[in-house]
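Thanks for coming, everyone. I have one structure to walk through today. Let me put it on the screen.

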Amino acid sequence: MAFTESEQSLRRVITALVKTWSAKPDRLNEASLHIVVSENRSNEEYEVALQNTKQAVDLERKSSPSSYKLGAHLNTLGVAYYRVGEFKKCRKTMEESNAKLDADDYYPSNQIFMAMAYAKLGDAEKAKALFDEVVKRAETSPLNSEDVGFLKEAKKVLGIEEVNVELK
């Protein structure tokens, strides 16, 4: 696969960051998050993000296994699993992320990616229920632009025509 000059430059930057941040779970997670939020990256980039996020989760589990940060890192890991086509792992990881987050924390992306994973696994009813839950909550708690982008992606995956949500 041939990469453009811009893609090669980005790959060099990511590789350098990973080497620098290899023992820092927050930075590994952040670097991976920048990759997995886009549905238009290469499989190779998603695989790198998946491996880095697995490392971040492992490091976080060792340092503070019940922390809020672990829930956030698990969210990124779930998105990475989705991006590489591991839909069962995506669903399970998002469920674990929800369990680790504080009761007041709500990551719409957990539900959105679980919905897409269920759709890919053939459970359209569960997928639609999760999607509808996000839309309903967005009525009282508007979504940020990233989550709106994920919701648009989910609309395509689930074959949903029209949904309007407010931004934070």
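In what order do the elements of the protein chain run from the N terminus on? They run α-α-α-α-α-α-α-α. That is eight helices and zero strands. Helices here are DSSP runs of H or I with at least four residues, strands are runs of E with at least two, and the numbering starts at the N terminus.

Some ground rules. This is a predicted model, in which local features need pLDDT of at least 70 and side-chain atom pairs count only at pLDDT 80 or more, while totals for chains, interfaces and linings use all residues. Residues are numbered from 1 along each chain as its sequence is written, and side-chain values use heavy atoms, with hydrogens and water left out.

Now the overall numbers. The protein chain has 168 residues, and 42% of them count as buried. Buried means under 20% relative accessible area, exposed means over 50%, and partly exposed is in between, with a 1.4 Å probe and protein chains only. Next, contacts, meaning heavy atoms within 4.5 Å. Take those in the protein chain with a separation of 6 or more: residues 24 or more positions apart account for 58% of them.

On to a helix pair. H2 and H4 pack at an angle of about 35°, and their axes are 10 Å apart. The axes are lines fitted to C-alpha atoms over the stretch in contact, and angles run from 0 to 180 degrees between N-to-C directions. The crossing of H2 and H4 is left-handed: the near helix is turned anticlockwise from the far one by less than a right angle. Which residues meet? From H2 we have Pro25, Asp26, Asn29, Ser32, Leu33 and Val36. From H4 we have Lys69, Ala72, His73, Thr76, Val79, Ala80 and Arg83. By class, the residues of this contact are six nonpolar, four polar and three charged. Nonpolar covers Ala, Val, Leu, Ile, Met, Phe, Trp, Tyr, Cys and Pro; charged covers Asp, Glu, Lys and Arg; the others, Gly among them, are polar.

Stay with Ser32, in helix H2. Is Ser32 buried or exposed? It counts as buried, because its relative accessibility is 1%. Beyond its neighbours within four places in sequence, Ser32 is in contact with Ala49, Asn52, Thr53 and Thr76. Ala49 is 17 residues away along the chain, yet the two C-alpha atoms are separated by 4.5 Å.

Next, Leu77, in helix H4. Leu77 has 6% relative accessibility, so it counts as buried. Leaving out residues up to four places away in sequence, it touches Leu50, Thr53, Lys54, Val57 and Thr93. Thr93 sits in helix H5, residues 87-100. Thr93 is at 8% relative accessibility and therefore counts as buried.

Last, the largest pocket. It holds about 260 Å³ of space. A pocket is an open set of points on a 1 Å grid over the protein atoms alone, where a 1.4 Å probe fits, with protein on both sides within 12 Å along at least five of seven lines; lining residues have an atom within 4 Å of a point. Of the 18 lining residues, Asn75, Tyr107, Ser109, Asn144 and Glu146 are the closest to its centre. H2, H4, H6 and H8 each supply at least two lining residues. H4 gives the largest share, six residues. By class, the lining has seven nonpolar, six polar and five charged residues.

Note on methods. Points joined across faces, edges and corners; volume = space filled by probe spheres on them.
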